[in-house]
Amino acid sequence: MAGLAAAFGSGAMTNSLNDIALADVILVIGSNTTESHPIVALEIKKAVKERGAKLIVIDPRRIRLADYANIYLSQKPGSDVALLNAIAGVIIEENLFDEEFIKERCEDFTSLKQTVSKYPPEAAEKISGVKAEDIRRVARLFASGANGAIFYCMGLTQHTSGTDNVLSIANLAMLTGNIGRPGAGVNPLRGQNNVQGACDMGALPSVYPGYQKVSDEAAAQKFEAGWGVTLSKKE
């Protein structure tokens with residue numbers, strides 16, 4: 001959650017599950033989706049089988065959803081940052097990024113270029129075990145879609161580098177302009193029953209419903225008036 005909050009301002013999914021039907025390319029990483037989120041997996045399979053959406057699955061274990069994938073990569077556990085940076089690097093190197101979106105909506109693109117340049121596919125292959133050419137194939141396929149949606153779960157977040165993993169996912173979405181519209185976006189699949197819904201409704205201690213910060217005076221006044229209470233402004 002910290003990674004998405006740093007990149008986008010909140011740890012929520014950027015899109016609804018209905019948007020899966022609008023995605024042209026779907027990237028699933030660190031998620032045994034059919035086992036843990038079967039309804040999400042069903043919608044992804046429908047997008048692939050009924051609409052011809054392209055599917056990329058990245059997971060050390062060959063999950064059932066990999067049977068529907070155009071590309072399946074099995075990386076070494078803990079090598080996600082190197083792999084994702086290499087994918088981003090190929091997108092930049094081959095000019096597949098959304099230049100207009102980056103100019104209008106993003107910050108520190110130069111820093112990102114410098115960082116990912118340290119992870120060419122051949123170097124990432126040694127770290128992740130994924131072949132350099134397969135890294136290039138994933139980069140080209142993800143960047144080719146009009147709407148690219150990314151789904152991940154605790155297989156990406158439950159690492160010492162979990163926040164960096166998520167930031168790398170956010171960078172990939174922003175690099176290709178796949179944020180801020182239906183059918184694209186970054187979508188964490190939470191680990192427990194309706195964690196996302198509870199967070200959306202303000203169950204986190206630092207935010208009100210809709211991820212409005214408790215330290216925001218205007219937000220606090222709005223909820224005080226609506227609820228008829230006095231609220232603490234401390235996070």
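**Figure 1. The loop between helix 4 and helix 5, with N95 in view.** In this predicted model, N95 is found in the loop that runs between helix 4 and helix 5. Most residues other than glycine have a negative phi. N95 counts as exposed, because its relative accessibility is 60% and the exposed class begins over 50%.

**Figure 2. The loop between strand 6 and strand 7, with Y211 in view.** Y211 lies in the loop that links strand 6 (207–208) to strand 7 (212–213). Its phi, near 65°, is again positive in a residue other than glycine. Y211 has a relative accessible area of 14% and is therefore buried, since the buried class covers values under 20%.

**Figure 3. The largest nonpolar core and the surroundings of I91.** The largest nonpolar core holds 40 residues, and those that touch the most other members are I56, I58, I87, I91, I169, L172 and L175. Helix 4 (residues 80–93) gives the most to this core, contributing eight residues. Apart from this core lies another one of 18 residues, which includes A53, I63, L65 and F151. In soluble globular proteins, nonpolar side chains tend to be buried together. When residues up to four places away in sequence are not counted, I91 touches L96, F97, A139, A143, L172, L175 and T176.

**Figure 4. N85 in helix 4.** N85 has its place in helix 4, and with a relative accessibility of 7% this residue counts as buried. Once its neighbours within four places in sequence are left aside, the contacts of N85 are with T115, V116, Y119 and S168.

**Figure 5. F101 in helix 5.** F101 belongs to helix 5 (residues 99–105) and counts as buried, its relative accessibility being 12%. Not counting residues up to four places away in sequence, F101 touches C106, M174, G177 and I179. The view also takes in L175, which is 74 residues from F101 in sequence, while the C-alpha atoms of the two are 8.0 Å apart in space.

**Figure 6. T34 in helix 2.** T34 sits in helix 2 (residues 33–36) and is buried, with a relative accessible area of 13%. Beyond the residues up to four places away in sequence, which are not counted, T34 touches A41, K45, R64 and L65. L65 is also among the members of the core of 18 residues.

**Figure 7. The whole protein, as a setting for the close-up views.** The secondary structure of the protein comprises 12 helices and seven strands, and the C-alpha trace spans about 60 × 40 × 35 Å along its principal axes. For 235 residues a compact globule would have a radius of gyration near 18 Å, so the value of 18 Å for the protein agrees with that expectation. Buried residues account for 47% of the 235 residues, and the accessible surface amounts to about 11500 Å², with 49% of it belonging to carbon and sulfur atoms.

Notes
Residues numbered from 1 in each chain as written. Predicted model: local features only at pLDDT ≥ 70, side-chain atom pairs only at ≥ 80, totals over all residues. Heavy atoms only, no water. Helix = DSSP H or I, 4+ residues; strand = E, 2+ residues; numbered from the N terminus. Rg over C-alpha atoms; globule rule 2.2 N^0.38 Å. Buried < 20%, exposed > 50% of the residue type's maximum accessible area, 1.4 Å probe, protein only. Areas by Shrake-Rupley, 256 points an atom, 1.4 Å probe, with all protein chains shown as cover. Core = buried A, V, L, I, M, F, W, Y, C linked by side-chain atoms within 4.5 Å. Contact = heavy atoms within 4.5 Å.
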